[in-house]
Amino acid sequence: MSARTVPPPQMRLPLQADRPARAEDLVVSDSNRAAVTRLAAWPDGFTPVLALHGPAGCGKSHLARLWAERTGAVALDGVEAALIDPLELEGRPVLLDDADQADDESLFHLFNLARAPGGALLLASGVAPNLWPHVLPDLRSRLDATPAVAISEPDDAILSAILRARFAERSISPTDDLIAYLVRRIDRSAQAAAQVVERLDADPRPVTRATARLVLDAADRDTQA
């Protein structure tokens with residue numbers, strides 16, 4: 001088991017910045033290429049609001065944060081939108097992660113601010129805005145008309161990168177053979193990658209492909225029991 005110190009969780013405050021996302025950690029593959037290309041060219045002066053959507057763990061938040069750092073955008077989570085004075089956001093790009101969780105009134109204000117000079121609004125969520133449950137008529141029409149770009153579930157390249165990142169957090173250096181084996185065996189999600197790395201780190205045996213097979217076989221038996 002690796003020795004490490006895990007910091008206690010912290011409360012997230014409005015306008016609090018996360019650790020900067022690193023461009024070198026971004027892996028571009030068929031699952032996210034369209035989104036990477038679109039965000040690299042946006043804001044483009046024609047589309048003030050853009051939606052980025054995809055399943056949990058697909059990398060949309062990482063890509064969105066890279067965009068926010070490039071543009072100097074204010075980064076918010078959905079529920080935080082109601083806590084911010086709109087005047088603080090005027091003339092600035094805004095990233096709203098978990099955007100479908102924002103209330104109707106806050107979203108409506110953000111749409112209007114995005115159309116002002118210097119404004120832009122990137123909405124990140126699990127599904128496209130036309131599937132969100134918001135009912136305010138003026139907002140509904142804006143959501144339905146919002147251009148959207150999707151990221152699909154992690155492919156081999158993305159899942160491999162996620163696994164390596166989770167291992168690195170625990171000071172473990174996996175072999176290429178181990179990564180390839182895990183990519184074939186686990187579900188295609190960031191959650192599955194994190195879980196298998198946690199199980200391997202907790203196992204007293206060396207972190208190898210053979211250990212991974214034993215750990216995954218045991219997990220399968222537990223699931224079927």
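Leaving aside its neighbours within four places in sequence, residue L123 is in contact (heavy atoms within 4.5 Å) with V49, L50, A51, L52, L96, A99, L107, F111 and W132. The model is predicted, so local features need pLDDT of at least 70 and side-chain atom pairs count only at pLDDT 80 or more, while totals for chains, interfaces and linings use all residues. Residues are numbered from 1 along each chain as its sequence is written, and side-chain values use heavy atoms, with hydrogens and water left out.

Starting at the N terminus, their order is α-β-α-β-β-α-β-α-β-α-α-α-α. Of the 225 residues in the chain, 41% are buried. Here buried means under 20% relative accessible area, exposed means over 50%, and partly exposed lies in between, with a 1.4 Å probe and protein chains only. The chain exposes about 12300 Å², of which carbon and sulfur atoms supply 54%; accessible areas come from the Shrake-Rupley method with a 1.4 Å probe, and for residues only the protein chains shown count as cover. Among contacts between residues at least 6 apart in sequence, 68% join residues at least 24 apart.

Strand 4 runs parallel to strand 1, and five bridges join the two; strands count as paired if DSSP finds at least two bridges between them. One of these bridges has A51 and L123 as partners. Strand 3 also pairs with strand 4 in the parallel sense, over four bridges, and P93 has A120 as its bridge partner in strand 4.

In soluble globular proteins, nonpolar side chains tend to be buried together. A nonpolar core is a set of buried Ala, Val, Leu, Ile, Met, Phe, Trp, Tyr and Cys residues joined through side-chain atoms within 4.5 Å. The largest one has 22 residues, of which L89, L96, L110, L121 and L123 touch the most other members. Strand 1 (49-53), strand 2 (74-77), strand 3 (93-97), helix 3 (104-114), strand 4 (120-125) and helix 4 each supply at least two residues of this core. Helix 3 gives the largest share, six residues. Another core, of 20 residues, lies apart from it and includes I158, F167, I179 and L200.

Helix 5 has 14 residues and reaches 20 Å from its first C-alpha to its last, close to the 20 Å expected at 1.5 Å a residue; the expected span is 1.5 Å times one less than the number of residues. Its buried residues are I158, L159, S160, I162, L163 and F167, and they pack against helix 6 and helix 7. Just after helix 5, S171 takes a positive phi of about 60 degrees. Helix 6 (residues 176-185) has L178, I179, Y181, L182 and V183 as its buried residues. These pack against helix 5 (156-169), helix 7 (190-202) and helix 8 (209-224).

Charged side chains also form links. The structure holds 12 salt bridges, each a side-chain nitrogen of Lys or Arg within 4 Å of a carboxyl oxygen of Asp or Glu. D177 forms one with R209, the closest N and O atoms being 3.3 Å apart. This pair links distant parts of the chain, since D177 lies in helix 6 and R209 in helix 8, 32 residues apart. R185 forms another with D220, at 3.1 Å between the closest N and O atoms. R185 lies in helix 6 and D220 in helix 8, so this pair ties together parts that are 35 residues apart in sequence. R185, R213, D217 and D220 are linked in a network of salt bridges.

Within helix 4 (residues 137-145), D144 and R140 are four residues apart, about one turn of the helix. Their salt bridge has its closest N and O atoms 3.0 Å apart. D144 is partly exposed at 46% relative accessibility, whereas R140 is buried, with a relative accessible area of 17%.
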